[in-house]
Amino acid sequence: MKKIKLDQNNFKQFFSPVGPLHSHHLEQVWPYDYVERNSETLLVTIGDSWTWGAGIQNVYRNAVDITDEDNEFRRKNLYGNLISKHNNWNWLNLGFYSQGNQWIANKVFELRALEPLLDFKQIIVMCVLTGVGRWFYTWQDSLVDYKKFFNENKMLHVNDYEKFFVNLNRRVIGEIKMLTNSSDK
């Protein structure tokens, strides 16, 4: 099987864009980052604004409008880049601002599908989850029957709502664990 070599310019071939289907962004963008360090280990960071670096150095611009200089500063100072640089690992950043936890799990799914084609001995995945209710009940989690859940589980106490949100996170974490544990890397 032919192996795939990632680079900063080939994300469109492997990962879905950010766009109007799963965010407030009107255009489709592939705002991901890749740094090659000739390592046999790949660190992958997946998350929302903190992972992508929105607001770093007070830069709050649309990803399409960010200057090359600000983008380079953002990329250079992100936790994923700093950790991977310290360990001399390659780094893939699949974070972007305003994304929900199901989007994060979907990025893990895309990575897991690509993993057999990547030529790394080890892949380390770090996911940083966002607010539990962000972008839930969208097409991304359309296989979850929330209406049935609410009909079967009357929400009578404050704790019932808290349990609901805890279970939302547990479901996403379960998906992420299943996908990452199914890898042999």
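1. The buried residues of helix H2 pack against strand S1 (33-35), helix H1 (49-52), helix H3 (79-87) and strand S3 (90-93). Contact here means heavy atoms within 4.5 Å. Helices (H or I, at least four residues) and strands (E, at least two) are DSSP runs, numbered from the N terminus.

2. On the basis of the note: this is a predicted model, in which local features need pLDDT of at least 70 and side-chain atom pairs count only at pLDDT 80 or more, while totals for chains, interfaces and linings use all residues. Residues are numbered from 1 along each chain as its sequence is written, and side-chain values use heavy atoms, with hydrogens and water left out.

3. The residues of H2 (68-76) that are buried are Asp70, Asn71, Arg74 and Arg75; buried means under 20% relative accessible area, exposed over 50%, and partly exposed in between (1.4 Å probe, protein chains only). They lie on the same side of H2, because they cover an arc of only 135 degrees around the axis. That arc is taken from the directions from the helix axis to the C-beta atoms. Asp68, Glu69 and Lys76 are exposed, on the face of H2 turned away from its buried side.

4. Threonine 51 belongs to helix H1 and is buried, its relative accessible area being 1%. Apart from neighbours within four places in sequence, threonine 51 is in contact with Thr45, Ile46, Leu78, Tyr79, Asn93, Gly95 and Val128.

5. Serine 98 is located in the loop between S3 and H4. This residue is also buried, with a relative accessible area of 18%. Serine 98 and histidine 25 are separated by 73 residues in sequence, yet by 9.1 Å in space, C-alpha to C-alpha.

6. Helix H6 (158-181) has 24 residues and spans 34 Å from its first C-alpha to its last, close to the expected 34 Å; the expectation is 1.5 Å times one less than the number of residues. Its buried residues are Asp160, Phe164, Leu168, Val172, Ile176 and Leu179. Their cover includes helix H4 (101-114), strand S4 (122-127) and helix H5 (146-152).

7. The axes of H4 and H6 come within 9 Å and cross at roughly 10 degrees. Axes are lines fitted to C-alpha atoms, for helices over the stretch in contact, and angles run from 0 to 180 degrees between N-to-C directions. H4 and H6 are therefore roughly parallel (angles under 35 degrees). Among the contact residues are Val108 and Phe109 of H4 and Val172 and Ile176 of H6.

Definitions and conventions: Parallel < 35°, antiparallel > 145°, perpendicular 65-115°, else oblique.
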